[in-house]
Amino acid sequence: MHIAICRLLEPYGFYEFEYFDEDGWPHYKVKEELPPLKAGEQSVLMKEAIVGYFLEKELID
């Protein structure tokens with residue numbers, strides 16, 4: 001789950017990809033701490049990030 005969150009929030013500048021380890025797992029570093037968000041705000045951010053990911057990968061129009 002953590003890897004997915006890092007990947008989804010990378011375009012927002014919160015995380016930055018560093019490297020793949022010897023087992024092929026991606027590693028990210030924190031660039032900027034997430035601001036305190038209410039549950040509803042977290043939900044909106046993650047939904048927006050998921051849609052952005054699918055648009056980036058051209059999996060939806």
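These legends go with a set of close-up views of a predicted model.

**View 1. Helix H1 and what its buried side packs against.**
Start at helix H1, which spans residues 2-9. Its buried residues are Cys6, Arg7, Leu8 and Leu9. They pack against three elements: strand S1 (15-20), strand S2 (26-30) and helix H2 (39-56).

**View 2. The largest nonpolar core, with 8 residues.**
Here you're looking at Cys6, Leu8, Leu9, Phe14, Tyr15, Tyr28, Leu45 and Ala49. H1 and H2 each put in at least two residues, and the largest share, 3 residues, comes from H1. Zoom in on Leu45 and you'll find Leu9, Tyr12, Leu34 and Leu37 in contact with it, once neighbours within four places in sequence are set aside.

**View 3. Arg7 and Glu56, a salt bridge between two helices.**
Arg7 sits in helix H1 and is buried. Its side chain makes a polar contact with that of Glu56 at 2.6 Å. The two also form a salt bridge, with their closest N and O atoms 2.6 Å apart. Since Glu56 belongs to helix H2 and Arg7 to helix H1, the pair ties together parts that are 49 residues apart in sequence. On the Glu56 side things are partly exposed, with a relative accessible area of 43%. Not counting residues up to four places away in sequence, Arg7 touches Tyr28, Tyr53, Glu56 and Lys57.

**View 4. Glu16 and Lys29, a salt bridge between two strands.**
The model has 2 salt bridges, and this view shows the one where the side chains of Glu16 and Lys29 meet at 3.3 Å, N to O. Glu16 is in strand S1 and Lys29 in strand S2, so the pair links distant parts of the chain, 13 residues apart. Both partners are partly exposed: Glu16 has 32% relative accessibility, while Lys29 has a relative accessible area of 36%.

Asp21 lies in the loop between S1 and S2. What the side chain of Asp21 does make is a polar contact with the side chain of His27, at 3.0 Å.

Methods:
Residues numbered from 1 in each chain as written. Predicted model: local features only at pLDDT ≥ 70, side-chain atom pairs only at ≥ 80, totals over all residues. Heavy atoms only, no water. Buried < 20%, exposed > 50% of the residue type's maximum accessible area, 1.4 Å probe, protein only. Helix = DSSP H or I, 4+ residues; strand = E, 2+ residues; numbered from the N terminus. Contact = heavy atoms within 4.5 Å. Core = buried A, V, L, I, M, F, W, Y, C linked by side-chain atoms within 4.5 Å. Polar contact = N/O pair within 3.5 Å; in protein donor to acceptor, adjacent residues only side chain to side chain. Salt bridge = Lys/Arg side-chain N within 4 Å of Asp/Glu carboxyl O.
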